[in-house]
Amino acid sequence: MDDDRPTLHGAAVTLRPATAQDIPALAAIRAAPEVYARWRGGADLAAEVAEDLADPSTPTLTVEYGGRVAGAIQWHAEEEPDYRHAGIDIYLDPAVHSRGVGTDAVRTLARHLITALGHHRLVIDPAADNAAAIACYRKVGFRPVGVMRRYERGPDGSWHDGLLMDLLADELS
């Protein structure tokens with residue numbers, strides 16, 4: 001098994017290495033208004049997804065649910081020994097929102113990052129106003145650390161707050 005892009009099985013999801021064949025489906029998900037509002041992107045979302053999949057510093061897995069592509073989950077790692085930890089990002093098709101798919105996917109990847117890759121701490125940073133994402137991450141065991149003021153620029157050019165959340169290995173639920 002490749003530690004960077006494994007196939008992982010959750011209660012209802014499969015997380016598998018993302019491939020070029022996934023690009024059209026992932027680009028369509030990224031174009032959904034609910035997803036685009038958070039992940040944004042340029043005129044060519046397929047090219048952006050392809051670029052994400054090619055980035056070796058951010059392994060990306062396709063989230064499968066019900067036998068189809070439901071989104072993507074990726075992570076990055078800080079490997080400096082004194083600060084070692086990993087961070088997670090996820091986007092899902094709005095058609096599977098509110099079904100526990102995100103919770104299952106995040107929990108499944110978190111378990112892998114802790115047990116197989118030895119991370120003792122994970123971080124995730126939803127927009128501070130993204131109540132659904134925050135609730136999802138809380139179910140996995142992430143806790144709010146603090147608000148990162150004016151953390152990301154919105155499509156209108158204004159700055160918006162982010163919520164830094166973390167999970168210690170022994171807090172994974």
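Mentor: Let's start with a term: a residue is buried under 20% relative accessible area, exposed over 50%, and partly exposed in between, taking a 1.4 Å probe and protein chains only. The model is predicted, with local features needing pLDDT of at least 70 and side-chain atom pairs pLDDT 80 or more, while totals for chains, interfaces and linings use all residues. Residues are numbered from 1 along each chain as its sequence is written, and side-chain values use heavy atoms, leaving out hydrogens and water.

Trainee: What does Asp93 touch?

Mentor: Asp93 touches Ile29, Arg68 and Ala70, not counting residues up to four places away in sequence. Contact here means heavy atoms within 4.5 Å.

Trainee: Ser98 is in that loop between S5 and H4 too. How do you know whether Ser98 counts as buried or exposed?

Mentor: Its relative accessibility is 83%, over the 50% limit, so Ser98 counts as exposed. Ser98 also has a positive phi near 65 degrees, in a residue other than glycine.

Trainee: Why does Gly154 count as buried?

Mentor: Gly154 has 9% relative accessibility, under 20%, and therefore counts as buried. Gly154 lies in the loop between S7 and S8 and touches Arg40 and His160, leaving out residues up to four places away in sequence.

Trainee: What makes H4 mostly covered?

Mentor: In H4, 12 of its 15 residues are buried, including Val101, Asp104, His112 and Ile114. From first C-alpha to last, H4 reaches 21 Å, close to the 21 Å expected at 1.5 Å a residue; the expected span is 1.5 Å times one less than the number of residues.

Trainee: How many residues has the largest nonpolar core, and which have the most contacts inside it?

Mentor: The core has 32 residues, and Ile73, Ile88 and Phe142 have the most contacts inside it. H4 gives the most to this core, with seven residues. Such a core is a set of buried Ala, Val, Leu, Ile, Met, Phe, Trp, Tyr and Cys residues joined through side-chain atoms within 4.5 Å. In soluble globular proteins, nonpolar side chains tend to be buried together.

Trainee: Which residues is Ile88 in contact with?

Mentor: Among them are Ile73, Val106, Leu109, Leu122 and Phe142, setting aside neighbours within four places in sequence.

Trainee: Which residues lie nearest the centre of the largest pocket?

Mentor: They are Trp39, Ile90, Asn130, Ala133 and Tyr137, and 36 residues line this pocket. By class, the lining has 19 nonpolar, nine polar and eight charged residues. On a 1 Å grid over the protein atoms alone, a pocket is an open set of points where a 1.4 Å probe fits, with protein on both sides within 12 Å along at least five of seven lines; lining residues have an atom within 4 Å of a point. For the classes, Asp, Glu, Lys and Arg count as charged, Ala, Val, Leu, Ile, Met, Phe, Trp, Tyr, Cys and Pro as nonpolar, and the others, Gly among them, as polar.

Key. Helices (H or I, at least four residues) and strands (E, at least two) are DSSP runs, numbered from the N terminus.
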